[in-house]
Amino acid sequence: MGGGGAKGLAHIGVLQALEEGKIPIDLIAGTSMGALVAGVYALYPQSQTVIKKFQDYLASKTFQKTNPEFLHDHVDKEFSKFEGIFQRFSRFIKKGVFYSQSLAKKSAISEEIFRQNMEVLLDDVEIQNTVIPLAVIALDLKSGEEVVIKKGPLRKAVSASCAIPGILPPVKFQGKELIDGGWIDKVPIHPLREMGADLIIAVDVAEGLDEVEDLSTGLGIFLRSYEISRYALSAWQLKEADIVISPDVSNIHWADFGQFENCLQAGLNATKQKIPIIKKLISNKKIKKILRGPFFWIK
């Protein structure tokens, strides 16, 4: 399951649809928001339990301390019509404070508040003790290498995978300085192969390349080049999956966590369409295993 901020809530709908379609989940891996959903599901492999935990979390005072909703612009016409100038000015000030903090400090959100958020959703357990075997992905700032975490404190591992640069603080783990794994492995497929998976369902909530807007400045060209390189890396990595599910969350901003129900439904819809294909792939894999197995001749 890949990253995507609030868009990654669609992963929960994917899990729900897989359960309803009787598709077994033997291993799970996640990056960033995908790591958080994967971590909760690996502990409680029932989608309804995961839905309830996230609903309670998003309504909690703990989440409100970190809610980045002011980073996206509201597009609801009715909301915009009645929104007062004070509210618009307030959001403008919040954005200014956030960006200035990002320049002056490691992160806009403190390590303490970040830790409190992880404690609401995740139990204090070791990764290797989850019900479903789990791997979470992070990026080591020192070596520039991908780090696949399969052992150690679950909360710390997921925190590392979710540590969005500038917003959440890097996590020190086994001598490494770790941040959001989406910067190196947006949808972690290869780690699952190494764990022994023979059929991989990848869930990608990222958008495609935006239309070219401004190539008249050096900054515009730089940002476009960076966007293309990340998109190309992700597309190349997704080719390793047996099937890719892409929930339609293109109209949802990564910071808009008020769209829980819409994200959930997008995950459900996209996955239900793929259930027949997934079942066929599972059947084909089983047949191939049988054909590759040993034959005994009886006289």
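On a 1 Å grid over the protein atoms alone, a cavity is a set of points where a 1.4 Å probe fits but cannot get out, whereas a pocket is an open set with protein on both sides within 12 Å along at least five of seven lines; lining residues have an atom within 4 Å of a point. Grid points are joined across faces, edges and corners, and a volume is the space filled by probe spheres set on the points.

The structure is a predicted model, in which local features need pLDDT of at least 70 and side-chain atom pairs count only at pLDDT 80 or more, while totals for chains, interfaces and linings use all residues. Residues are numbered from 1 along each chain as its sequence is written, and side-chain values use heavy atoms, with hydrogens and water left out.

| Space | Volume |
|---|---|
| Largest cavity | About 340 Å³ |
| Second largest cavity | About 40 Å³ |
| Second largest pocket | About 600 Å³ |

The largest cavity is lined by 19 residues, and Tyr57, Phe63, Ile164, Leu168 and Phe257 are the closest to its centre. Residue classes follow one scheme: Ala, Val, Leu, Ile, Met, Phe, Trp, Tyr, Cys and Pro count as nonpolar, Asp, Glu, Lys and Arg as charged, and the others, Gly among them, as polar. On that basis the lining of the largest cavity has 15 nonpolar, four polar and no charged residues. Helices (H or I, at least four residues) and strands (E, at least two) are DSSP runs, numbered from the N terminus. Helix 2 (33–43), helix 3 (47–58) and helix 7 (111–121) each supply at least two residues of this lining, and helix 7 gives the most, with three residues.

Around the second largest cavity stand Gly182, Trp183, Ile184, Lys186, Arg230, Leu233, Ser234 and Gln237. These divide into three nonpolar, three polar and two charged residues.

The second largest pocket has a lining of 28 residues, with Pro24, Ile25, Asp26, Leu199 and Ile201 nearest its centre. Two or more residues come from each of helix 1, strand 1 (28–31), strand 6 (201–203) and helix 11. Helix 11 gives the most, with five residues. By class, the lining of this pocket has 22 nonpolar, one polar and five charged residues.

**Packing against helix 11**

Axes are lines fitted to C-alpha atoms, for helices over the stretch in contact, and angles run from 0 to 180 degrees between N-to-C directions. The axes of helix 1 (residues 10–20) and helix 11 (residues 260–292) come within 6 Å and cross at roughly 40°. Helix 1 and helix 11 are therefore oblique to each other; angles under 35 degrees count as roughly parallel, over 145 as roughly antiparallel, 65 to 115 as roughly perpendicular and the rest as oblique. In the contact (heavy atoms within 4.5 Å), the residues of helix 1 include Ala10, Gly13 and Ala17, and those of helix 11 include Cys263, Gly267 and Thr271. This contact has 11 nonpolar, four polar and two charged residues.

Helix 3 also meets helix 11: their axes come within 12 Å and cross at roughly 155°. Helix 3 and helix 11 are therefore roughly antiparallel to each other. Ile51, Phe54, Gln55 and Leu58 of helix 3 make the contact with Phe260, Glu261 and Leu264 of helix 11. Five of these residues are nonpolar, one is polar and one is charged.
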